[in-house]
Amino acid sequence: MCGISGWIDWKVDLTEQSSILKQMADLQHLRGPDQEGIWLSPHAGFAHRRLAVVDIEGGIQPMTRARGDRTYTIIYNGELYNTEDIRKELLARGHRFQGHSDTEVLLTSYIEWGPACVEQLNGIFAFAIWNSHEQHLFLARDRLGVKPLFYAERGGGLLFASELKSLLAHPLVEPDVDSDGLAEVFAIGPARTPGHGVFQDVAELKPGHYLRFDRTGTAVAPYWQLESAPHTDDLDTTVETLRGLLQDAVERQLVSDVPLVTLLSGGLDSSMISAFAAMKYQQEGRRLHTFSVDYVDNDKHFTASDFQPNPDGPWIKRVSEYIGSEHHNIVIDTPQLVQALKDAVTFRDLPGMADIDASLYLFSKEIKKEATVALSGECADEIFGGYPWFYREEMVNADTFPWSRNVEGRASWLNEEFAAKINVAAHIDGRYRAALAEVPKLEGESPAEARAREMSYLNLFRWMPTLLDRKDRMTMGASLEVRVPFCDHRIVEYMWNVPWEMKFYAEREKGLLRKALEGVLPEDVLYRKKSPYPKTHNPAYLNAVRSWLLEILDDPASPLLQVVNKEVLLQAAQNADDPNFVRPFFGQLMAGPQLFAYLAQIDTWMRNYNVRLV
């Protein structure tokens with residue numbers, strides 16, 4: 001993957017602004033440690049940092065190609081999985097190629113089809129193309145938003161970058177955060193509303209959208225949306241179709257000129273990806289390497305619960321032996337994890353998922369020692385219905401985001417003045433109603449199926465982006481490219497119209513997925529109860545983040561004190577060892593160590609980014 005940055009301006013001679021573009025790009029050096037490039041013209045400037053994966057020599061960016069008297073320049077972050085299909089079509093249309101990179105294929109597809117090129121693409125991407133003849137910029141982002149892209153209009157010009165830090169490096173972008181941005185952090189966080197850049201007048205190009213910018217202004221439009229229609233395939237046909245899509249998605253994503261591995265937790269999703277990858281590698285006479293993560297002393301402190309019924313270790317061994325992979329187990333210690341909480345803020349440019357972010361970064365750093373590309377099982381729960389809120393009645397019928405049900409608890413740790421300013425309940429409800437209004441309805445659908453469709457939409461387009469943000473920023477922080485086969489848009493489109501009763505086959509979460517993988521994985525692995533991304537159970541972690549938060553609360557210079565109720569947080573810290581106090585008070589997704597670490601990350605963010613509340 002890569003980091004892209006750009007500046008379009010009609011009033012400034014950008015050929016004299018290379019230092020600013022270089023600074024914007026250099027802040028993303030971890031996204032692209034292998035090569036750097038800057039391209040300048042009077043009104044458009046691009047900067048690129050490259051992580052070389054395919055066509056190491058021929059894929060250097062920025063890349064310029066001509067057709068007749070017209071030239072086009074591209075910078076691109078991502079990976080196309082149907083590069084050769086598109087190349088064949090373009091060759092048949094008379095185009096010729098200088099290398100075998102997907103960058104050149106993408107640029108040529110734009111030259112041939114214009115903005116409609118995005119409809120041809122299967123992959124993860126964010127890219128910018130400057131048309132020198134027409135003097136306009138074209139930006140586009142992949143359908144599900146696996147790759148990031150932010151932009152800001154300033155002084156009649158437009159700035160864009162893969163990460164917020166690069167925009168903030170430009171002298172025209174200030175780290176101002178208004179009440180709406182603060183509500184994203186304190187009411188919605190660690191989730192984020194698609195399109196929202198948190199910092200004032202900074203936007204995110206939404207997934208499945210493109211942007212056109214010229215002297216007349218900015219136009220943003222969707223090029224992809226889900227369409228609701230009756231699902232006419234019977235169960236057997238659905239299972240067969242789904243299995244074919246899954247296997248094809250994995251195999252397409254194995255293309256790489258550098259070492260590639262898979263992440264393996266012993267759960268259904270990562271096991272499926274590893275199994276299909278191992279089969280393909282075996283056909284080619286190669287052996288797949290798999291990686292898992294654990295924590296020091298987790299075996300001593302693990303306690304089974306409904307949320308995490310059993311440890312992953314034995315299941316990882318079971319799957320690795322079954323598929324014949326060479327397995328590597330990475331073990332993280334508590335001091336590493338706590339320190340990485342600060343690093344994670346820098347990679348995300350925002351407070352995030354606390355230890356879930358930090359551990360993924362540390363995990364990725366270790367994988368990077370052996371490989372440059374990895375495949376991960378992210379997003380299956382959102383697509384196939386793996387979370388309890390898909391099937392537990394009280395969660396299904398909670399008239400809000402199922403992960404934000406405890407509004408009172410979240411608001412309780414804010415001080416009265418700030419809570420009134422951002423109005424947690426109103427902000428969450430407004431965002432929830434806006435999301436529901438986007439759901440493509442299906443006429444004649446029963447109320448239960450209509451609600452199941454709403455739940456799928458909320459998960460796909462409000463919760464899944466949080467996980468994709470995490471995956472991109474933490475892995476890129478380690479200069480590791482991670483691909484997510486479940487986010488193949490063909491799988492998402494097909495599953496969108498599969499009725500819930502079929503997804504919930506045998507009354508099991510992800511029941512249809514399990515059925516489709518019979519014969520691919522052992523039965524005990526197939527029907528293992530869902531287990532989340534592994535977390536530390538070491539009490540030393542709770543003690544460390546609690547002490548960190550107490551230090552912050554005791555520091556008069558802490559910017560966090562502007563917004564929180566100090567007495568409530570001191571009480572929470574005192575009772576942190578009592579789950580009967582903490583969980584009902586703050587909610588399942590923001591309790592105990594997660595809450596303390598999140599607040600500490602907010603403090604780090606506000607200090608390090610010089611956040612100004614406006």
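Trainee: Is the crossing in which H6 passes H7 left-handed or right-handed?

Mentor: This is a predicted model with residues numbered from 1 along each chain as its sequence is written, where local features need pLDDT of at least 70 and side-chain atom pairs count only at pLDDT 80 or more. Totals for chains, interfaces and linings use all residues, while side-chain values use heavy atoms, with hydrogens and water left out. A crossing is right-handed if the near helix is turned clockwise from the far one by less than a right angle, and left-handed if anticlockwise. The crossing in which H6 passes H7 is right-handed.

Trainee: Is H6 roughly parallel or roughly perpendicular to H7?

Mentor: Helix H6 covers residues 235-252 and helix H7 covers residues 268-283 (helices are DSSP runs of H or I with at least four residues, strands runs of E with at least two, numbered from the N terminus). The two pack at an angle of about 65°, with their axes 9 Å apart (axes are lines fitted to C-alpha atoms, for helices over the stretch in contact, and angles run from 0 to 180 degrees between N-to-C directions). Angles under 35 degrees count as roughly parallel, over 145 as roughly antiparallel, 65 to 115 as roughly perpendicular and the rest as oblique. That makes H6, in its relation to H7, roughly perpendicular.

Trainee: How many charged residues does the contact of H6 with H7 have?

Mentor: From H6 come Arg243, Leu246, Gln247, Val250 and Glu251, which meet Met272, Ile273, Phe276, Ala277 and Lys280 of H7 (contact means heavy atoms within 4.5 Å). Asp, Glu, Lys and Arg count as charged, Ala, Val, Leu, Ile, Met, Phe, Trp, Tyr, Cys and Pro as nonpolar, and the others, Gly among them, as polar. By class, this contact has six nonpolar residues, one polar, and a charged group that numbers three.

Trainee: Is H10 roughly perpendicular or oblique to H25?

Mentor: The axes of helix H10 (residues 334-348) and helix H25 (residues 592-608) come within 10 Å and cross at roughly 55°. That makes the placing of H10 against H25 oblique.

Trainee: Which residues in H25 do Leu341, Lys342, Ala344 and Val345 in H10 meet?

Mentor: H10 and H25 pass each other in a right-handed crossing. On the H25 side, the residues that these four of H10 meet are Ala597, Gln601, Thr604 and Trp605.

Trainee: How many charged residues are in the contact of H10 with H17?

Mentor: The axes of H10 and H17 come within 9 Å and cross at roughly 105°, which means that H10 is roughly perpendicular to H17. Ala344, Phe347 and Arg348 in H10 meet Thr466, Asp469, Arg470, Arg473 and Met474 in H17. These residues divide into three nonpolar, one polar, and charged ones numbering four.

Trainee: Which helix gives the most to the lining of the second largest pocket?

Mentor: On a 1 Å grid over the protein atoms alone, a pocket is an open set of points with protein on both sides within 12 Å along at least five of seven lines, a cavity is a set where a 1.4 Å probe fits but cannot get out, and lining residues have an atom within 4 Å of a point. The second largest pocket has a volume of about 400 Å³ (the space filled by probe spheres set on points joined across faces, edges and corners). Of its 20 lining residues, Pro207, His209, Glu438, Tyr457 and Phe461 lie nearest its centre, and helices H16 (424-438) and H17 (447-476) each give two or more to the lining. The most, five residues, come from H17.

Trainee: About how much space lies in the largest cavity?

Mentor: The structure holds seven cavities of 30 Å³ or more. The largest is lined by 15 residues, of which Pro190, Ala191, Arg192, Leu350 and Pro351 lie nearest its centre, and by class this lining has nine nonpolar, one polar and five charged residues. The space in the largest cavity is about 130 Å³.

Trainee: Near what omega is the peptide bond from Gly189 to Pro190?

Mentor: Pro190 is placed in the loop between H5 and strand E11 (203-204). The bond from Gly189 to Pro190 is cis, with omega near 5°.
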